[in-house]
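Biologist: Can you walk me through this one? I'd like to start with the charged pairs, then move on to the metals.

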Amino acid sequence: MSMNEIKHYPCSSCGADLLFEPKDGMLTCPYCGHKEAIPESDGQVEEQSYEEHLSIRPEQMTALASNALEVKCQSCGATSIFMPPEVAGRCEFCGVQIVAQPKSADPILTPGGLLPFSVTQQQASDELKQWLSTRWFAPSGLKQFAQPEAIHGIYLPFWTYDACTRTDYTGQRGEHYYETETYYERDAQGNQVEHTREVQRTRWYPASGTVLGAFDDILIPATQSLSTDHLEALEPWDLVQLKPYDPAFLSGFKAQRYQIDLAEGFDLAKETMVPTIESDVRLDIGGDEQTIDSLDTNYYNVTFKHLLLPVYAGAYQFNGKVFQIVVNGRTCEIQGDRPYSVWKIALLVVAVLVLILLFVLVFSNR
Ligand SMILES: [Zn+2]
Ligand SMILES: [Zn+2]
C-alpha cells in the first residue's frame with residue numbers, strides 16, 4: 001500500500017477517526033476505545049543519496065498523507081501540516097490564533113522516518129504544571145500554560161547527514177626549544193647581579209597533507225521556529241528507535257513543514273564538521289603547536305535522512321514578546337523561556353527594604 005492510498009483511519013467498530021496513542025503506540029478510537037496496531041514495517045529507515053535528491057524529481061515528493069492539510073501562521077510564517085479531524089488552532093510557535101483557511105498540503109521530500117510520541121499530552125501537561133510552579137517571579141499570565149490545551153503535539157523536521165571527507169591542508173608546525181637568557185637584577189645592597197633563565201621558543205616549519213574523515217548522523221534541525229538553544233537542549237534523541245515513516249503516526253498530531261531545505265541543511269552540517277576536521281589536521285601536523293593556513297575539503301558518499309521528531313510546543317505572548325515552551329515528546333524534558341514579572345520582583349525588593357529599615361530602627365533605639 002503506498003502512502004497516497006491511505007485516506008484516513010476509520011474505527012472498524014464505530015467509524016470515528018482513529019488517533020495515535022503515545023501510551024501504547026496503537027491507533028485508538030477516542031469514542032469507543034477500539035485499538036488497531038500500526039502495521040509493522042519490515043523496512044529500515046534508509047539513508048538516501050544526497051546527490052540524487054539535490055535536483056528533486058516529483059516522485060521523490062509526496063504530501064505527508066493524501067488527506068493532509070497545511071496552514072501557514074500569518075504571524076511567524078511557520079507552516080504546519082495536519083490531518084482531519086485536527087484543526088489549525090493556535091500556532092505552536094508564537095501563540096497566535098491561526099485564521100487562514102487550511103489548504104491541501106503541498107508535496108514535500110518524503111520523511112524517511114520518525115520517532116513516535118511516547119509521552120502523552122496529559123503527561124507533558126502535568127510535567128509542565130510542575131515546572132511552572134517552580135518558576136519564581138513569573139507573571140501570573142504564564143499560569144495559562146498549566147491548561148492542558150496550552151501545548152500541542154507537533155513533529156519537528158530534521159535532516160541527518162552522513163559523509164566522508166578528504167581535506168587537503170597547509171599550515172605550520174611549531175617545535176619548542178629552549179634558550180638560556182641572561183638578565184640582571186639589583187640585590188638588597190643595590191648591586192647589579194647577573195642571573196640566567198631558560199626561555200621557551202618556537203621554531204616554525206611549513207606543513208601540508210591530507211586527512212580523511214567519516215561522519216555519521218549529523219543531526220540538523222530543519223525548523224527556524226524554535227531557538228537553537230532550545231533545539232540543542234532537547235537532545236539527545238534516541239534515534240536508534242526510529243520507525244519508517246507511516247502517516248498513521250501523525251494521526252492526532254501536527255507536523256511542521258521544513259524551513260531549511262536539503263542543501264541548506266548540508267551547509268550547516270559542514271560547519272559542524274569543521275572542528276573535527278581541524279583537530280584531525282592538527283594531529284596530522286604534529287609538533288608542539290600548529291597553525292592552519294588553508295583547508296580544502298571534498299565531501300563524498302553523502303547520504304541523508306529526513307526525520308520527524310516529536311515535541312509538545314506552545315507559545316505565550318507577554319509585553320509584545322513571544323515566550324516558547326517545548327517538551328520533548330520522548331523524554332518529557334522541558335525547555336522554556338520565562339518572562340520575569342517586574343511587578344513581583346519590585347514588590348519583593350520593597351518588602352526586603354522595609355524589613356531592613358525596621359531592623360535598623362529597632363536596634364538603633366536600644
Ligand atoms: Zn470507535
Ligand atoms: Zn506562529
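Modeller: A salt bridge here is a side-chain nitrogen of Lys or Arg within 4 Å of a carboxyl oxygen of Asp or Glu. D217 and K305 form one, with their closest N and O atoms 3.3 Å apart. Keep in mind that this is a predicted model.

Biologist: Which strands hold D217 and K305?

Modeller: D217 sits in strand β12 and K305 in strand β15, residues 289-318.

Biologist: How many salt bridges turn up in the whole structure?

Modeller: The search finds 13. One of them joins R201 and E181, at 3.4 Å from N to O. R201 is in strand β12 (residues 192-221) and E181 in strand β11 (residues 152-186), so this pair links parts 20 residues apart in sequence.

Biologist: How accessible are R201 and E181?

Modeller: R201 is partly exposed, with a relative accessible area of 31%. E181 is partly exposed too, at 24%.

Biologist: OK, metals. What holds the zinc ion, ligand 2?

Modeller: Four cysteine SG atoms, from C73, C76, C91 and C94. They lie 2.2 to 2.4 Å from the zinc ion. The site is tetrahedral, with angles of 102 to 117 degrees among the 4 donor atoms. The sequence spacing is C-x2-C-x14-C-x2-C.

Biologist: Are those cysteines buried or exposed?

Modeller: C91 is buried, with a relative accessible area of 4%. C94 is buried as well, at 4%. C76 counts as partly exposed at 36%.

Biologist: Where does C94 lie?

Modeller: In the loop between β7 (79-82) and β8 (103-104). Leaving out residues up to four places away in sequence, C94 touches C73, S75, C76, A315, Q317 and V322.

Biologist: What sits between β6 and β7?

Modeller: A turn: the two strands form a hairpin with 6 residues between them. G77 in that turn has a positive phi of about 85 degrees.

Biologist: Now the other zinc ion, ligand 1. Which donors?

Modeller: C11, C14, C29 and C32, each through SG, at 2.3 to 2.4 Å. The arrangement is tetrahedral because the 4 donor atoms subtend angles of 101 to 124 degrees. The donor spacing reads C-x2-C-x14-C-x2-C.

Biologist: Which parts of the chain do C11 and C32 tie together?

Modeller: C11 is in the segment before β1 and C32 in the loop between β2 and β3, so the pair connects parts 21 residues apart in sequence. C11 is buried at 4%, while C32 is partly exposed at 39%.

Biologist: What sheet do β1, β2 and β3 make?

Modeller: An open sheet of 3 strands, in the order β1-β2-β3, with antiparallel pairing. β1 (19-21) and β3 (35-36) are the edge strands, each pairing on one side only. β2 (residues 26-28) and β3 share 2 bridges. L27 stands opposite E36 in β3.

Biologist: Last one. With these cysteines, how many disulfides does the search find?

Modeller: The whole-structure search gives 0 disulfides. Among the cysteines, C164 is partly exposed, with a relative accessible area of 22%.

Methods: Residues are numbered from 1 along each chain as its sequence is written. Chains are lettered from A and ligands numbered from 1 in the order in which they are written. This is a predicted model: local features need pLDDT of at least 70, side-chain atom pairs count only at pLDDT 80 or more; totals for chains, interfaces and linings use all residues. Side-chain values use heavy atoms; hydrogens and water are left out. Donors are N, O and S atoms within 2.8 Å of the metal (3.2 Å for Na, K and Ca); water is not among the atoms, so sites may look incomplete. Four donors count as tetrahedral if all angles lie between 85 and 135 degrees; four count as square planar and six as octahedral if opposite donors are over 155 degrees apart and all others between 65 and 115; anything else is irregular. Buried means under 20% relative accessible area, exposed over 50%, partly exposed in between (1.4 Å probe, protein chains only). Helices (H or I, at least four residues) and strands (E, at least two) are DSSP runs, numbered from the N terminus. Contact means heavy atoms within 4.5 Å. Two strands pair if DSSP finds at least two bridges between them. A disulfide is a pair of cysteine sulfur atoms within 2.5 Å.
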